[in-house]
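Trainee: May we go through this structure together? I would like to begin with the strands.

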Amino acid sequence: MDFQAIVDGMSAMTCVVSVENLPDGKYGKFRLVTGNKAYIDSIEHPAPGVEMLTDKFTPNSEYTDYLTRDLNFEDFCYRAAVKKKCLHSYAHPDRMDVWFNMTFLPLGQEVGEICYCLYIMEINFEPDSQNFASTSSDIASSVLDTCIKLRGTKDFRDTMYEVIGGIRELCDAEHCCILTMDEYERSCDVLCEAFREGSKLLSMEHYADKDFYDIADSWTSTIAGSNCLIAKNEQDMEIVKERNPIWFDSLTSAGVNNIVLFPLKSRNQLLGYMWALNFDPGRAVKIKETLEATSFILGAELGNNLLLDRLRLLSSKDMLTGVMNRNEMNNYVDELSRGVKDDGSVGVIFADLNGLKTVNDQSGHNAGDKLLKNAAKVLRSLFPEKSIFRAGGDEFAIIVADVTEADVEEKIEQIRKGSEKYDSLSFALGGCVEKSSSNVRMALRHADERMYLDKQKYYETYPEQAAARRKSRERAPEQTSEALVREDRIQQEMNYDPLTGLPSMALFFRLAERGRRIMHEKGEDSALIFLNLNGLRFFNQRCGFSEGDALIKELSCIVAELFGRENSSRFGQDHFAAFTKAEGLEQKLEQLFKLMKRANNGKTLTVRVGIYPDSMGIVETALACDRARYACDVIKDSNKSYFTYFDKKMLQKEINRQYVIDNLTKAINENWITAYYQPIVSSESKKVCDEEALARWIDPQKGILSPADFIPILEDAKLIYKVDLHIVDIILERLKKQMASKIGTVAPISINLSRTDFEMCDIVEEICNRVDAAGVPRDLITIEITESVIGQNLDFMKEQVDRFQSLGFKVWMDDFGSGYSSLDLLQDLRFDLIKFDMRFMRQFDSSPRSRLLLTELMRMANNLRIETVTEGVETAEQVDFLSSIGCTKLQGFYFGKPIPYDMIQDRFKKGERIRYNDKAATDKNAKKKEN
């Protein structure tokens, strides 16, 4: 057999693997016999995020020459080559930042004990949900059942005991357990476990002390970069012994013969492990396929219950004193100053700890830390915890709403009285009240000034403390006087970023306007750049916020060095800007990219840069920044640093965007924006039972604008609610005329709502008032809400869905299956119908998995007594299939494209129409389904 000819005939990365078949079901060496060019290139020129032990391919070499040994890969190759099975796997090994879509095909040739299989793979940089769809129906049902249990629970821990019991039965294991890990406390916790009746294995509670964390921490190296560890027999357990002898001894001494071990992660953060001990090795394949999917669900649920609270705590709390930190204070002050929170008056108290420096010098930092903790205790006894902030090393700030000057003075006296309970505890205090909470920065300034005057009185009363402070300053002569330090700090807070020291956005705009004007007057070409640190949010989750802050500070230093500190700014968490001469800009950016590769000891990220050259036209700095940011965001998924210029195409898109925004009111008033209707057909009667209203913009200058050309723009500008309410008005006018004319049956019409509809107005009340004023029955208007709308704020959206339904409107979940949390939402909200995204139909002919997945999802919906509709139906074959698996309703070009109402009327008069369902019969059938 010509192996080379076989692999060369494949377009995907393909190689031939040889397996040494030994007696008693054991195997020896696994070798890469040969590969096509694409496969060899994957070794010699690996993709970003993939590292090889050796980057030179040698025919007939062992695969471990290139990759760490992987029992899962060996098991698949063995079953394909020796057992002659055709296999598929989709996995994300920890050792690589990519997803592998893998197919293993048996080859008929055998030479002695050597068997062969074909290994075909493709690499994805993001997970593709379609590749999970090849699982069998029983595995899909098991995974769905786990998800539904978890999302329906009110007691997470109790439900997890039920889930782990089901996993133990799946594995036919003696013991199953989920162990959570806290890397900050270096501790483990048994979340749940289950035992086979009569098991002699001890509970993990017996082992999971602080010392056990070190053992659990070693499992990452035991898994060795794969996505799980499945050691079925004595031969596999030898690998465990080789990689982790201490743990192996612990397992075998406890009576463990084999093990399944899966890490549980959320947002790439390790939260714990799930394992099964002494399982049925004959079920290894089913166990792996089921738990690969289940572990994603369990990881997400653990993230919701553990990780987010932990990250929130770390990002908002000062870990020494337990009060809120400076970052949280800045966020709160920003909200107040922007008028986001209208709490009436605002009071600020600055409380500076007197003598902390002396305590640290004379008694050590432990004593100083104790003093800070006692100070926080005093403040917490008098104020809500969320109003107390550690603003600096020895300084606390209290920000309270709706208070008077008398209230603040009384609290200051209570702080002084409370301080008397603790030795050496004394505050310098200053307070201020502003009538409007938006003037909080003014209150901060005045409170700080008054606190400084109070500290002066303290030094007059205790001159030895002043002397100690003077000596401290003499040891550091570069420091300025305290008065100047205070003044500088106030200016710093108002005009500079506290983390990087770069100018704030407001100050930067002033500096850039002047600087760009000077360059222009000199005849120098200038440019404004916008920088984005790519992937900082996930970096923080993976490495911690301190590492993220260190990386931000390094980037700020590089930007300041290359472009000048006063020419640069940090706009937000991962956004920077700078203005500079256009000449030599690209060389500076290349230097920036090189320096960032080495930043933070190599624990770094790539940088995206957008450039607005003033040669495109001198515009104000704020607009230049917006354009540079637009260029920066054109390509978001690159794995390397790059820069992009704002160009004429982008300018045209911006002009189009501005046209849409500027002409929206006119488009509504003059009915340029109208509704097109697409029929939704009953799968049983093949008659129209509903219609969907879709917005179309027919412009007198530009012609028909695609929804993609104006809806995202208006969503981003938070103006889409105007369009959606206009469409409601159009629908109601149509329904009124249709009911008055008594021509044909009136079908309910659905309208799509956007996330920002709920932010910009009380959309429920707006729609209800319009429907009632028109005299149209509420059950003729259906609300469609996509998963992405709901996921932004689940509790709020649940309330809105309940409001719609309580008022008599039906609510559908639109685009089901387009995201990753659709199944979760079905537990939290009761929808009247779920609409399956048209991507299922796009894959209908090319991928049998789509049919399998749809079948299981329809079964789930029917069991939950929820009606269904599938979008994108275009063929009779699709109609027959969807009807056979229980899909309630159908929508797509097979039945009709979206058209205006006058065209529907013309077709009706000519008899060219899809018949309408009798509404009373439709309602009757729906009630039957509910019962």
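Trainee: In S19, which residue is the bridge partner of Ile529?

Mentor: The partner of Ile529 in S19 is Ile611. Please note that this is a predicted model, in which local features need pLDDT of at least 70, side-chain atom pairs count only at pLDDT 80 or more, and totals for chains, interfaces and linings use all residues. Residues are numbered from 1 along each chain as its sequence is written, and side-chain values use heavy atoms, with hydrogens and water left out.

Trainee: How many bridges join S16 to S19?

Mentor: Seven bridges join S16 to S19 (residues 607-613), and the two run antiparallel. Strands are DSSP runs of E, at least two residues long, numbered from the N terminus; two of them pair if DSSP finds at least two bridges between them.

Trainee: And what about S18?

Mentor: S18 (residues 575-581) is also antiparallel to S16, with seven bridges. There, Phe530 stands opposite Ala577.

Trainee: Why is S16 largely enclosed?

Mentor: Eight of the eight residues of S16 (residues 526-533) are buried, so the rest of the structure largely encloses this strand. Buried means under 20% relative accessible area, with a 1.4 Å probe and protein chains only. Both faces are covered, with Phe530 among the residues on one side and Ile529 among those on the other.

Trainee: Changing topic, which residues does Ile767 touch?

Mentor: Leaving aside residues up to four places away in sequence, Ile767 touches Leu725, Val728, Leu753, Ile783, Phe804 and Phe809. Contact means heavy atoms within 4.5 Å.

Key:
Buried < 20%, exposed > 50% of the residue type's maximum accessible area, 1.4 Å probe, protein only. Helix = DSSP H or I, 4+ residues; strand = E, 2+ residues; numbered from the N terminus.
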